[in-house]
Amino acid sequence: MLRIFNAITGLIIIVILFCGCAKNKPNRDYTYISLNPIKGWENGILLNFNLELSDTANIYAIYFTAQIKDNQDINSISGFPVDVCIMSPKGDKYYNSVILPLNVMQKKKIYHLSNGVIEIEWPYLKNIKNKESGIWKLTLKQTQSANIYKNIIGFGASCKVDK
């Protein structure tokens with residue numbers, strides 16, 4: 001009886017430790033890219049996302065999310081500048097440069113800290129009236145020294161119906 005109790009107790013402890021150490025993927029409705037946990041978003045790596053916008057009747061919003069290691073390095077960074085290229089299903093390209101700020105309000109849906117990782121969600125474009133049904137391709141590229149991107153260990157993009 002004692003052996004069974006010890007086995008069950010040991011199993012419960014292992015499950016708790018495993019769950020506590022597992023990294024959570026941000027916002028489950030995102031297309032997500034895991035990056036190198038040591039080197040982060042390395043120079044020259046493009047982040048490519050495919051977003052399905054099949055409904056031309058709804059108004060959409062595009063969001064980005066990132067998992068960022070919370071350490072001393074990010075205290076000196078106000079945000080991450082990125083170039084964004086959007087390609088329509090017909091092949092038309094649109095370009096934009098944005099800064100994804102680190103000083104966002106700490107709301108539950110926007111900013112989350114877990115296991116030494118910050119999770120931030122940024123609205124990128126809102127009030128999008130889709131005129132082309134199909135797969136829209138987004139590509140993100142670093143615009144500065146790769147050193148400031150080394151703490152980004154995951155990145156995601158999502159297209160949601162704008163409410």
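## Salt bridge

A salt bridge is a side-chain nitrogen of Lys or Arg within 4 Å of a carboxyl oxygen of Asp or Glu. The model is predicted: local features need pLDDT of at least 70, side-chain atom pairs count only at pLDDT 80 or more, and totals for chains, interfaces and linings use all residues. Residues are numbered from 1 along each chain as its sequence is written, and side-chain values use heavy atoms, with hydrogens and water left out.

By this rule the count is 1 salt bridge. It joins the side chains of Lys160 and Glu121, at 3.2 Å from N to O. The two residues lie 39 residues apart in distant parts of the chain, Lys160 in strand 9 (residues 152–161) and Glu121 in strand 7. Strands are DSSP runs (E, at least two residues), numbered from the N terminus.

## Exposure of the pair

Buried means under 20% relative accessible area, exposed over 50%, and partly exposed in between (1.4 Å probe, protein chains only). Lys160 counts as partly exposed because its relative accessibility is 22%. Glu121, at 9%, counts as buried.

## Second largest pocket

A pocket is an open set of points on a 1 Å grid over the protein atoms alone, where a 1.4 Å probe fits, with protein on both sides within 12 Å along at least five of seven lines; lining residues have an atom within 4 Å of a point. The second largest pocket has a volume of about 280 Å³, the volume being the space filled by probe spheres set on the points, which are joined across faces, edges and corners.

Its lining has 15 residues, with Ile86, Tyr94, Leu125, Ile128 and Trp136 nearest the centre. Strand 7 gives the largest share, 4 residues.
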